[in-house]
Amino acid sequence: MHKKIPQKKLLMLSAVVACLMLAVSVVQAQQVYRFDLKEDIGPSAWRTVKNAYSQAEAAKVDLMLIEMNTFGGMVNFADSIRSRILDSPLETVVFINHNAASAGALISLAADRIYMSKGSSIGAASVVDQSGQVLPEKHQSYMRGLMRATAEAKGRDPKVAEAFVDGDVDLPNIKPTGKILTLTSAEAVKIQLAEAEASTIADVLTAEGIRNSDITTHRVTIIDKIISFLINPAVSGILILLIIGGIYFEMQTPGIGFALVVAIIAAVLFFAPLYIQGLADNWEIALFVAGIVLILLELFVIPGFGVAGILGIICLVCGLAFSMVVNDYFNFSIAEPGMLFNSFLLVIASMVAATILMVIFGKSMLNTRAFKRLVLQDEQRSTEGYTSSRTDQALVNKEGVAKTVLRPSGKVEIEGKWYDAVALDGFIDIGEEIYVEKHVNYNLFVRKKRTS
């Protein structure tokens, strides 16, 4: 027979086991992954969130901690970020350290718990354009729906979330009627939108009951920094200027040279980061390339300036502009309001600036010593011992007419046949009479016909 263990001993044994289990849980550190959102919500912030959550989920951490300080940004990227948080199996805590305005408020509502430092605020999420003007009702309605749905998903009051967008939402003793809601840290805690006030990350972890934590801080890589730099609108404008300028100077100095290399590198630097970010799509890059091809056909193959040239300019401008805006082919409703207009404005302004610079500095730049070092300027004359693989004297001194503008290369017609030609005068307009001065390596070198 087994002896019955006294009740008192059972209680003591249970207490010892509980203490041992508590000791083990304290010794075993809880894994916390943290990153910062301290920038305008846009492509760079979205890339940071994607990478951080992918790494945290792979590491199977216990908690995701976001330290936030943002005045907002693009709604479409904020929506992508809040969806990523909602879809993640990880518990997410947001620590608002000063500001969570507009898009920042939407992202915060997607977290499981919110903590705020003293003096912080959350709210003011009306949709506005680039100048700060409130956009029409359809934009506000969409944002109200996002806020309500996000709050409901995390068990928060949807009316409070909607009041961040709509001043007409009635919240007695919380805000005046007709005013957009913005909450201080104390107010957010009082209505249970936030868990508590905290001064530091350590305070947040203590409030979460985590006393022994192993914190991994997300690091932004050099590649991430380069991509963020290149997708800056100011940098995009400079790259567009280099693309247009490089194409122009390549036409002035025909042959694969430095100007063409600059244009190609600028195009790669423009499209590559946008493609990686999911903004530029294959069809937009193809549209840009088609524009270049049509413009070249207009200049060197098709006489005059007509349909091909106009279509080429339209394709080029649209390819550049569309690649900077989130879209579903020609559906731009998912993009931030005003972004499509701003992207077109940036492209056109950059092209106008490139044209002005080319007109003012084009000729002087071509004649500079530095530029001449980068392009082949020397002629291999037969009097100096050079011979050509094909030198045909039959066309020398023949007369014809320029069928395209030669600046300096283009097309001429001689005795009913078209030939590639290079103007030794630098520029010959379409329709002007010419004569052949020399014919070397399948290229005609022509000059304007002198009139008596």
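## A loop residue and a surface patch

Val301 sits in the loop that joins helix 12 (282–300) to helix 13 (307–322). The model described here is predicted. Val301 counts as partly exposed because its relative accessibility is 41%.

Val301 also belongs to a nonpolar patch on the surface.

## Cysteines

How many disulfides does the model contain? The count is zero. Cys315 is in no disulfide, and the nearest cysteine sulfur, that of Cys318, is 7.0 Å away. A disulfide would need the two sulfur atoms within 2.5 Å.

Are Cys315 and Cys318 buried or exposed? Cys315 has a relative accessibility of 16% and therefore counts as buried. Cys318 is buried too, with a relative accessible area of 16%. The cut-off for buried is under 20% relative accessible area.

## The barrel

Five strands close into a barrel, and their order is 9-10-11-13-12. The pairing in this barrel is mixed. On average, neighbouring strands of the sheet are turned by 55 degrees against each other, with direction ignored.

With strand 11 (residues 417–423), strand 13 (residues 443–448) pairs in the parallel sense, over three bridges. With strand 12 (residues 433–440), strand 13 pairs in the antiparallel sense, over six bridges. Which residues stand opposite Val446 in strand 13? Ala423 is one of them, and Val436 is another.

Lys448 is also found in strand 13. Its relative accessibility is 27%, so Lys448 counts as partly exposed. The C-alpha atoms of Lys448 and Val401 are separated by 9.1 Å, while the two residues are 47 residues apart along the chain.

Side chains of opposite charge can pair when their charged atoms come close. In this model the count comes to 19 salt bridges.

One of them joins Arg34 and Asp36, with the closest N and O atoms 2.9 Å apart. Arg34 counts as buried because its relative accessibility is 14%. Asp36, at a relative accessible area of 32%, is partly exposed.

Glu67 and Lys38 form another salt bridge through their side chains, at 3.4 Å from N to O. Glu67 lies in strand 2 (residues 63–70), and Lys38 lies in the loop between strand 1 (30–37) and helix 2 (43–59), so this pair ties together parts that are 29 residues apart in sequence. Glu67 has a relative accessibility of 8% and therefore counts as buried. Lys38, at 46% relative accessibility, counts as partly exposed.

What links the segment after strand 13 to strand 12? The side chains of Lys449 and Glu433 meet in a salt bridge, at 3.8 Å from N to O. Lys449 is in the segment after strand 13 and Glu433 is in strand 12, and this pair links distant parts of the chain, 16 residues apart. Lys449 is partly exposed, with a relative accessible area of 31%. Glu433 is partly exposed as well, with a relative accessible area of 45%.

Salt bridges also link several residues into a network. The members of this network are Glu137, Arg144, Arg148, Glu162 and Asp166.

Key
Residues are numbered from 1 along each chain as its sequence is written. This is a predicted model: local features need pLDDT of at least 70, side-chain atom pairs count only at pLDDT 80 or more; totals for chains, interfaces and linings use all residues. Side-chain values use heavy atoms; hydrogens and water are left out. Patches are made of residues with over 30% relative accessible area and no salt bridge: like charges are joined within 9 Å, nonpolar side chains (Val, Leu, Ile, Met, Phe, Trp, Tyr) within 5 Å. Accessible areas come from the Shrake-Rupley method with a 1.4 Å probe; for residues, only the protein chains shown count as cover. A salt bridge is a side-chain nitrogen of Lys or Arg within 4 Å of a carboxyl oxygen of Asp or Glu. Helices (H or I, at least four residues) and strands (E, at least two) are DSSP runs, numbered from the N terminus. Buried means under 20% relative accessible area, exposed over 50%, partly exposed in between (1.4 Å probe, protein chains only). Two strands pair if DSSP finds at least two bridges between them. Axes are lines fitted to C-alpha atoms, for helices over the stretch in contact, and angles run from 0 to 180 degrees between N-to-C directions.
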